[in-house]
Each structure stands twice: as C-alpha cells, then as structure tokens.
Amino acid sequence: MPKLTLQVRLVLAMLAAEPDRQRYGLEIVEATGLLPGTIYPILARLEQAGWLHSEWEEADESVVGRPRRRYYRLTPDGAAAAAEAQARAEQRAGSRVRPSLGGLLPGGAH
C-alpha cells in the first residue's frame, strides 16, 4: 500500500472526485497545485499498487499539435482502497490536524 502523504491524498482526492473520468498528468498538476516532479512519481507508485490504470492516448502528434497524453484513472479496487485508506489516515490524524489546514487544500475552507 502506498504511503498516504498529504500529496498522495491530494492526488487521490482529485481522482476520486470523478473516479470514472480519465485525467492526464498536467491536468492533475494544475488541479492539485503540486509540481510535476511530485505528481509523476506518485502516479507511478499508485499504478504499481494497482490503484490506477494508465494508457496513452491514440493521437497523431502532428495532427493534434502536441505530444500524446498519458491518461490515468482509479481502478474500481483503487477507488475503494483509496477511500478506505484516506478515511483511516484522517481518523488517525484526528485532533492533530488544526482546522486552519483546510485552507491549504484545494477547495478547502479559507
């Protein structure tokens, strides 16, 4: 099971918001506010754990005018495991997390 750091939980939360939707790497970067050097290793670990499935888009780079994108989505097992693991992590954090931290998360309270 991947270690559920704050960064991993941000990625999982973003993907779990629409678990059947495929997202490409830079879309995940923009949504989470994390750097690509943080996101891509997380995606690789989650895929290795079986929580994500990825596939390259079938596009002709010369036609679309950009490099092909690699799309990621949670697997059904991954969505369930991620929800369970996140709930456990939040439960363990309990009172250690101050309410003011919610403002640091995308979509959190300010």
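Guide: The structure holds one aromatic pair, where rings of Phe, Tyr and Trp (its six-membered ring) pair if their centres lie within 6.5 Å. The ring centres of Tyr24 and Tyr71 are 5.8 Å apart and their planes stand at 80 degrees, so this pair is edge-to-face; planes under 30 degrees apart count as stacked, over 60 as edge-to-face and the rest as tilted. The pair links distant parts of the chain, with Tyr24 in strand E1 and Tyr71 in strand E3, 47 residues apart.

A word on the ground rules: this is a predicted model, in which local features need pLDDT of at least 70 and side-chain atom pairs count only at pLDDT 80 or more, while totals for chains, interfaces and linings use all residues. Residues are numbered from 1 along each chain as its sequence is written, and side-chain values use heavy atoms, with hydrogens and water left out.

Helices (H or I, at least four residues) and strands (E, at least two) are DSSP runs, numbered from the N terminus, and two strands pair if DSSP finds at least two bridges between them.

E3 is also joined to E2 (residues 52–56), by five bridges and again antiparallel; there, His53 has Arg73 as its bridge partner. Together the three strands form an open sheet in the order E1-E3-E2, with E1 and E2 as the edge strands, each pairing on one side only.

Helix H1 packs on this sheet and touches E1, E2 and E3, its direction making about 85 degrees with that of E3. Contact means heavy atoms within 4.5 Å; axes are lines fitted to C-alpha atoms, for helices over the stretch in contact, and angles run from 0 to 180 degrees between N-to-C directions.

H1 (residues 6–16) packs with helix H5 (residues 76–93) as well, at an angle of about 135 degrees and with the axes 11 Å apart. H1 and H5 are therefore oblique to each other: angles under 35 degrees count as roughly parallel, over 145 as roughly antiparallel, 65 to 115 as roughly perpendicular and the rest as oblique. Arg9, Leu12 and Ala13 of H1 make the contact with Ala82, Gln86 and Ala89 of H5.
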